[in-house]
Amino acid sequence: MCTDKNNCVLPEDVKNFYLMTNGFHMTWSVKLDEHTIPLGSMAINSITKLTQLNQSSMYSLPNAPTLADLEDDTEEANENQPEKPHFDSRSVIFELDSCNGNGKVCLVYKKGKPALAKDTEIWFLDRALYWHFLTETFTAYYRLLITHLGLPQWQYAFTNYGISPQAKQWFNMYKPITYSTNLLTEETDSFVNRLDPSRVFKSKNKILVPKKKGPVQPAGVQKGPSGPPSTSKASSGSGNPVRK
């Protein structure tokens, strides 16, 4: 446990959290086709489970490697990410969340013992024992935890290789914006829904369908009631009798 016994001082926000509640664990499920599927899990270890990642042997065998032996010192800090933690005495590391076996979220004292509160950061240790920076403070990490709803493998969204395809489907369903951390770093204007009413409500051009026409009739012929042909003779003069 992170106490005076370990020669470390808890950060003020972590101390206030444990004064309010002894850890935190919340789960939620979804119902699909009459089946309840456990999905989200948000957890912070209790004070008794805030244990230090020890440097002892990983296996109960003589001369077995330790975490410090497996550490890769080839990765150096860059401008976008601070110096990574170390498994040896250079860092003091406490586990905040086991992430259901997908890794570990850790409270890291960067400058070893005596561990001071101002030297802490929150890091994610994946299953391949690579470190990934999350936040500078516990409060900021707690907000991330709530924002991501405890979705499976959400911490991997802050790694170079990202979340698995299965976890990506859950993100697209419940947190489509926070799925991509690149979107979070863009300007706020990128989330503004620029709606152009003139284009949305503009009526579409209707395609005129030509009407079917009947057979074309010869010129001068008009339809009318049928009757016997005319037998009258044309007179030579209109209204004048003909003399014989």
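## Briefing on a predicted single-chain model

In strand E2, Ser-29 has Pro-38 as its bridge partner. This is a predicted model, in which local features need pLDDT of at least 70 and side-chain atom pairs count only at pLDDT 80 or more, while totals for chains, interfaces and linings use all residues. Residues are numbered from 1 along each chain as its sequence is written, and side-chain values use heavy atoms, with hydrogens and water left out.

**Overall architecture and confidence**

- The chain contains 5 helices and 6 strands; helices (H or I, at least four residues) and strands (E, at least two) are DSSP runs numbered from the N terminus.
- Along the sequence, these elements follow the pattern α-β-β-β-β-β-β-α-α-α-α.
- Of the 244 residues of the chain, 31% count as buried, where buried means under 20% relative accessible area, exposed over 50% and partly exposed in between (1.4 Å probe, protein chains only).
- Among contacts (heavy atoms within 4.5 Å) with a separation of 6 or more, 46% come from residues 24 or more positions apart.
- The average pLDDT, the predictor's confidence in each residue from 0 to 100, is 75 for the chain, and 57% of the residues score at least 70.
- Confidence is highest in helix H1 (residues 12-20), with a mean of 94, and lowest in helix H4 (residues 181-184), with a mean of 47.
- The pLDDT is below 50 over residues 183-188, a stretch that has 4 contacts in the model beyond near neighbours in sequence.

**Hairpin of E1 and E2**

- Strands E1 (residues 24-32) and E2 (residues 35-44) are antiparallel and are joined by 9 bridges; two strands pair if DSSP finds at least two bridges between them.
- The hairpin of E1 and E2 has 2 residues between the strands, and Asp-33 adopts a positive phi near 50 degrees.

**Sheet E3-E4-E5-E6**

- An open sheet is formed by 4 strands in the order E3-E4-E5-E6, with antiparallel pairing.
- E3 and E6 are the edge strands, each pairing on one side only.
- From one strand to the next, the twist averages 35 degrees.
- H2 packs on this sheet and touches E3, E4, E5 and E6, and the direction of H2 makes about 95 degrees with that of E6; axes are lines fitted to C-alpha atoms, for helices over the stretch in contact, and angles run from 0 to 180 degrees between N-to-C directions.
- Strand E3 (residues 92-97) is largely enclosed by the rest of the structure, because 6 of its 6 residues are buried.
- E3 is connected to the antiparallel strand E4 (residues 103-109) by 5 bridges.
- Within this pairing, Val-92 has Tyr-109 of E4 as its bridge partner, and Ile-93 stands opposite Val-108 in E4.
- The hairpin of E3 and E4 has 5 residues between the strands, and Cys-99 in the turn has a positive phi of about 55 degrees.

**Helices H1 and H2**

- The axes of H1 and H2 come within 8 Å and cross at roughly 60 degrees.
- H1 and H2 are therefore oblique to each other, given that angles under 35 degrees count as roughly parallel, over 145 as roughly antiparallel, 65 to 115 as roughly perpendicular and the rest as oblique.
- At this crossing, Asp-13, Val-14 and Phe-17 of H1 meet Phe-138, Thr-139 and Tyr-142 of H2.

**Aromatic pairs**

- The whole structure holds 15 aromatic pairs; rings of Phe, Tyr and Trp (its six-membered ring) pair if their centres lie within 6.5 Å, and planes under 30 degrees apart count as stacked, over 60 as edge-to-face and the rest as tilted.
- Trp-123 and Trp-131 form an edge-to-face pair, because their ring planes stand at 90 degrees, with the centres 6.5 Å apart.
- Trp-123 counts as buried at 0% relative accessibility, and Trp-131 counts as buried at 6%.
- Phe-124 and Tyr-156 are also an edge-to-face pair, with 5.0 Å from centre to centre and 80 degrees between the planes.
- Phe-124 lies in strand E5 (residues 120-126) and Tyr-156 in the loop between H2 and helix H3 (165-174), so the pair ties together parts that are 32 residues apart in sequence.
- Both Phe-124 and Tyr-156 are buried.
- A cluster of Phe-17, Tyr-18, Phe-24, Phe-138 and Tyr-142 is linked by ring pairs.

- Thr-137 belongs to the loop between strand E6 (131-135) and helix H2 (138-147).
- With 37% relative accessibility, Thr-137 counts as partly exposed.
- Leaving aside residues up to four places away in sequence, Thr-137 touches Asp-13 and Ile-122.
- A distance of 9.9 Å separates the C-alpha atoms of Thr-137 and Asp-119, which are 18 residues apart along the chain.
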